[in-house]
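Please read this short report alongside the sequence and the coordinates.

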Amino acid sequence: MMKQDYIIRAENLSIGYDNKVIMRNLSFNIPKGDIFIIMGGSGCGKSTLLRTLTGLIPAQSGEIWIRNIDFIKARKREKLEIMKHSGILYQSGALFSSMTLAENVALPLQQYTKHSQDKIDKIVSFKLALVGLSGYENYYPSEISGGMRKRAGLARALALDPEIVYFDEPSAGLDPVSSRNLDDLILEVNKTLGTTIIVVTHELPSIFAIGKNSIFLDKTVKTISAKGNPNELLKNPPNEQVFEFLTRGVKHEKRTK
Amino acid sequence: MVKFETKGEVVTITLEGVLNGNEHFDIAAEALSNKKIQILGKDITSWNTDFVVTLFNLLKHISKNNITYLHLPEGMEQLLHLAFQTPYKEEENLPPSLPFLEHIGDLGIRFCRSFKKGGIFILDSISSWGRQLLGKAVYRSKDFWMILSDCGPKSILIVSLISFMVGLILAFVGAIQLKTFGAQIYVASLVTIGMTRIMGAIMTGVIMAGRTGASYAATIGTMQVNEELDALQTMGISRTDFLVLPRMNALILSMPILILLSDFMGILGGCFVCVLFWDIPLAEYVKYAVNSFFIKNFLVGVFHGIVFGFIIALCGCYFGVNCGRNADSVGTATTNAVVYAIVWMIVMTGLLTALFQVLGI
C-alpha cells in the first residue's frame, strides 16, 4: 500500500504526560476507510494515545502524519483543517449541557461553514436522524439516556462529514444491547460514508464485531506488542499478553493443556 | 489453639480447636520471612474470618509459593488462596525530601510557572475583546444573555439585603462615636460617602465572588470533568472566546448596576437606623445624604466595581479551565476562585485607593 493511502501514520511516537513516558516507539499506519482498534489493558495508555492523535496533549517525540500533513509541526491553520476533517466521540458523550441536541450538533457547522441557519437546521435534523434521534432536536442532554447521549455525540462528530472519527471507549457505561446498537451504527457509518474509524476500547465483543485492524498496547513493554485483525490475533496470538487479553484472562498454561 | 514448630527452613503452624481471631501468636512475622510455611488444620472444630484476618496479617509478606495447606477446612483454604494470590506490595521508599535551598528554588520555579500561566490567561482574555470587536470570537449570544440574567437580576435580592445591613451597621457604629460630639446628624454623610466611594463596591464584589465567581469555576470545572472542554478544543473553538468572554462581559456589565443598587440600599439602611433609633428626622437625613453625594465618589465606586467584575470573572474562569478531572478538583477550583478573587479585589482596592490619592480624586 502506498503511503498516501494511509490517512494516519505514526512513526516512533512516544506519548505521556509532562516528563513521564507512558508508551514509546509506537509505529502504525491506518488505511483510509479502516476500522482501527487501539486496545490494551486498563491504564496502558490507550486514551493518552487518542489524546495525542487528536492534539489534546503534545507528543513527546516521533511523528504523526494525518492526511499527509505533519500534525506535530503543523501550523494552527493546518491543524484547524485537520480538525475540520475529524470528529470525536468522547467516553461521556461530552455534549454541552447548556445546549439542546440540535445546538450541540450545529456548533461545528457554525464554526467551520458559512451555511445559513435554515440549512444548518436541516443538516442537524438529518445527522440526528442518522443516529436514530429524529425528533429529539430540542431535548437537553440531561433529558436523554446515556446511550442516546453517545449517539447524539456521534451526530455531532459526524456534523461536518469528517474523514476520520475517533471513539473513546464507546461501549463504556452502556448495557449490552445499547453497546451492540452503537457497534452496528459504527459499521453503518464506516460502510455508507467511507469514514475511517479509530476506536479506543477494551470491550472484546466490540473489538471482534467491528475491528478490521488493531494494535495492542502492552503496559509491560511500554509499546505495541501486536498488530493485525483482532480475529486473526485471537487465532494466532503473538504473545501471552495478547492471548490473555483476547480470551478474557485465560492463561497460556490452560490453553496448552 | 495455634502452635508454631520450626525445623530448619520449615515452620509448621498447627491449628486446633476453636479459632475465633483472639489467638495470640508467640512468633514475630519477621521470624517467618524466607521460610517455608506449612499450615496443618485437621483438628479444627470451628473457625471464623477474624482468625483468617489475623493469620493473613502474620503471613502477608510471604510468597504464596512458600505456603502449603494440609487438611484445612475448605472455606478457610479458599480464603487464604484468594488473599495470597498477588504478592504483597512492599511500601516503596519515599524519595528523600529536598534540601531547604532546593525546596525554596522549587517553590520559586512553581510560582513563576503559575504566574506565567495566569499572565497568558489574562492576556488571552483581554485579546478576546479584540477578537469580539473584529467579529472573530465564537460564542453564543444566548449563553451571554443567560449568564447576564444569572449574575444580574438574580443577584438583586442578596445584594440589596447585604447592602442594607452594611448601611445599618455603618450608621450604628458611626452614630455611637459622633453622638459624643453631638454630631450624629453627620451619620448620613458618613454612610453616603462610605457606601458610594468604596463600601458598596466591596460588598457587591464579595457577594458576586461567592455567588457568581464560584458558579463560573464550578460550571467550567464540571465541563472539564465531562470532557466538554476537550470537545471544544478538538473542534478548534477557543475556550477563552466561548466560555470566558461572555462571562467577563456579563459580570462587567452587571457590576455598575448592582453597585448603584448597593449604594442606595446602604443609604436606606443608614436612614432606617437614624430615623428609628437616633431620632433624626427623615428630611434632615435626606438633606445631609444628598449634600454628601458626590458624583466623583460614585464613579470611583463604579470603577472599582468594573475592576472587581473583571477579577471575579477571570478567577472563576481560570480555576474552572485549569480544574482537574474529578469531583474533588471541582470543589478545590471553586474554593480557589472565591479566595483568590477576594484577595485580588482587596489588593486592587489598596492600589487604586493609593492611585486616586496621588491623582487627587
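The notes below describe a predicted model.

## Domains of chain B

Chain B is split into two parts: domain 1 covers residues 2-83, and domain 2 covers residues 113-359. The distance between the C-alpha centres of domain 1 and domain 2 of chain B is 67 Å.

## Strand pairing in chain B

Strand β1 (residues 2-7) of chain B runs antiparallel to strand β2 (residues 10-19) of chain B, with 6 bridges joining them. Within this pairing, B:Lys3 has B:Thr14 of β2(B) as its bridge partner. The two strands β1(B) and β2(B) make a hairpin, with 2 residues between them. B:Gly8 lies in the turn and has a positive phi of about 65°.

β2(B) also pairs with strand β3 (residues 36-47) of chain B, here in the parallel sense and over 9 bridges.

## Helix α3 of chain A

Helix α3 (residues 101-112) of chain A has buried residues that include A:Leu101, A:Ala102, A:Asn104 and A:Val105. Also buried in this helix are A:Ala106, A:Leu107, A:Pro108 and A:Leu109. The buried residues of α3(A) pack against α4 (117-130) and α5 (146-157) of chain A.

## Contact between chains A and B

Chain A gives 15 residues to the contact and chain B gives 12 residues. On the side of chain A that touches chain B, the elements giving two or more residues are α2 (76-84) and α3 of chain A. Of these, α3(A) gives the most, with 3 residues. By class, this side of chain A has 9 nonpolar, 6 polar and no charged residues.

Notes
Residues numbered from 1 in each chain as written. Chains lettered and ligands numbered in written order. Predicted model: local features only at pLDDT ≥ 70, side-chain atom pairs only at ≥ 80, totals over all residues. Domains from an automatic or database assignment. Pairing = 2+ DSSP bridges. Helix = DSSP H or I, 4+ residues; strand = E, 2+ residues; numbered from the N terminus. Buried ≥ 20, exposed ≤ 12 C-beta atoms within 10 Å, placed from the backbone. Contact = placed C-beta atoms within 7 Å. Nonpolar A, V, L, I, M, F, W, Y, C, P; charged D, E, K, R; others polar.
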